[in-house]
Amino acid sequence: MRSVPGVATFFANCFVGTPLQPRGKRGAAKKCLLFVALSLLWATEASAQDPQSPPPAQSQGPSTQGQGVLPAPVTIPPEVPPPPVLPAKPRSNPPAFAQAPLPAALAPAIETRVGFSNLSRVSSPNNKILFKGINASVTGQSSDRFGATFEASYLRASNVFGTGQSNSVLTFLAGPVFYPYRRSGFVTSVHVLGGAARVSGVVVLTPSTGGFLKGTADDLAWAFGTSLEKWFTGSLAARVDIDALHTSFYNSAVKVHGEYDLRATWGLIYYFGGRRGGKFRNFAGKQIE
């Protein structure tokens with residue numbers, strides 16, 4: 001280590017109470033350097049612990065002097081799992097639209113019949129009148145066993161007893177229908193009908209008085225009987241009805257009285273269709289698309 005002129009005198013003036021000997025110059029210089037180094041180290045640590053000092057700026061890109069600077073490591077926060085989703089509590093009284101689906105609509109199978117009728121009426125023990133005419137009905141079947149029907153008929157007999165006059169029977173009847181048998185396109189039914197009737201025409205007088213009168217009687221009427229149907233297609237069938245029809249008219253004593261007459265009807269049925277349980281059914285019970 002080289003001696004610097006004036007250094008010993010400088011340190012000797014700084015440390016007045018410690019005279020430096022020429023032999024101890026090197027040791028004094030070493031102690032001074034150690035003291036300076038410790039002072040610098042202490043100042044550096046104090047500046048690093050200062051909370052008000054701003055953090056050193058980090059370089060975002062490469063150095064302009066060509067020296068590579070490693071980017072600061074990116075700290076990824078730990079992934080937080082989502083909170084568990086609790087199932088919704090079932091309602092004690094769910095709304096109507098949230099309940100089970102509604103069943104398919106139920107509508108009766110509808111059929112119409114147009115037929116030809118004959119009615120045999122006995123006005124006296126020796127006189128019988130034969131009526132002929134048309135009969136039309138509409139029947140709705142609400143199930144495989146039960147239904148309801150409405151019918152209207154008009155029957156007429158001409159030149160009654162050679163008088164040149166005509167008699168007529170007009171009826172309006174309705175009632176339930178029961179189907180006891182249904183198989184292989186054959187359907188049998190039993191019906192009981194009630195309503196009103198208008199009977200008009202010639203009234204034969206007693207033999208003692210002779211001659212005849214014309215009159216009209218409006219009264220209640222009813223009928224009961226059975227029928228047989230034969231289905232040829234899914235919408236067409238033939239039907240025969242046998243009824244006992246009760247109407248009222250004048251007797252030979254010119255008094256209104258009721259009587260039962262036999263009526264037979266032949267007709268054709270046309271099926272319009274209906275939905276039952278989401279399926280089409282014809283009146284004979286066969287499913288059709």
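Contact here means heavy atoms within 4.5 Å. The views below show a predicted model.

**View 1. The chain as a whole is built from 2 helices and 11 strands.** Starting at the N terminus, the elements follow the order α-α-β-β-β-β-β-β-β-β-β-β-β. The chain has 289 residues, of which 26% count as buried. Its accessible surface amounts to about 20100 Å², and carbon and sulfur atoms account for 64% of that area. Where contacts link residues at least 6 apart in sequence, 56% of them join residues at least 24 apart.

**View 2. Leu173 is in contact with residues from several stretches of the sequence.** With neighbours within four places in sequence set aside, the contacts of Leu173 include Thr149, Phe150 and Glu151.

**View 3. The largest nonpolar core of the model has 17 residues.** Leu119, Phe131 and Leu173 are the residues with the most contacts inside this core. Two or more residues each come from strand 2 (127-141), strand 3 (146-157), strand 4 (167-183), strand 5 (186-204), strand 6 and strand 7. Strand 5 gives the most, with 4 residues. Another core, of 8 residues, lies apart from the largest one and has Val187, Trp231, Ala237 and Ile269 among its members. In soluble globular proteins, nonpolar side chains tend to be buried together.

**View 4. Glu229 is placed in strand 6, which spans residues 212-231.** The relative accessible area of Glu229 is 1%. Because buried means under 20% relative accessible area, Glu229 counts as buried. The side chain of Glu229 is joined to that of Trp231 by a polar contact of 3.2 Å. Trp231 is also one of the residues of the 8-residue core.

**View 5. A nonpolar surface patch is made by Phe116, Val240, Ile242, Leu262 and Trp266.** The patch covers about 480 Å². Strand 7 (236-250) and strand 8 (256-271) are the elements that give two or more residues to the patch. Ile242, one of the patch residues, lies in strand 7. The relative accessible area of Ile242 is 40%. This value falls between the limits of 20% for buried and 50% for exposed, and therefore Ile242 is classed as partly exposed.

Notes: Residues numbered from 1 in each chain as written. Predicted model: local features only at pLDDT ≥ 70, side-chain atom pairs only at ≥ 80, totals over all residues. Heavy atoms only, no water. Buried < 20%, exposed > 50% of the residue type's maximum accessible area, 1.4 Å probe, protein only. Polar contact = N/O pair within 3.5 Å; in protein donor to acceptor, adjacent residues only side chain to side chain. Patch = residues over 30% accessible without salt bridge, like charges linked within 9 Å, V, L, I, M, F, W, Y side chains within 5 Å. Areas by Shrake-Rupley, 256 points an atom, 1.4 Å probe, with all protein chains shown as cover. Salt bridge = Lys/Arg side-chain N within 4 Å of Asp/Glu carboxyl O. Core = buried A, V, L, I, M, F, W, Y, C linked by side-chain atoms within 4.5 Å.
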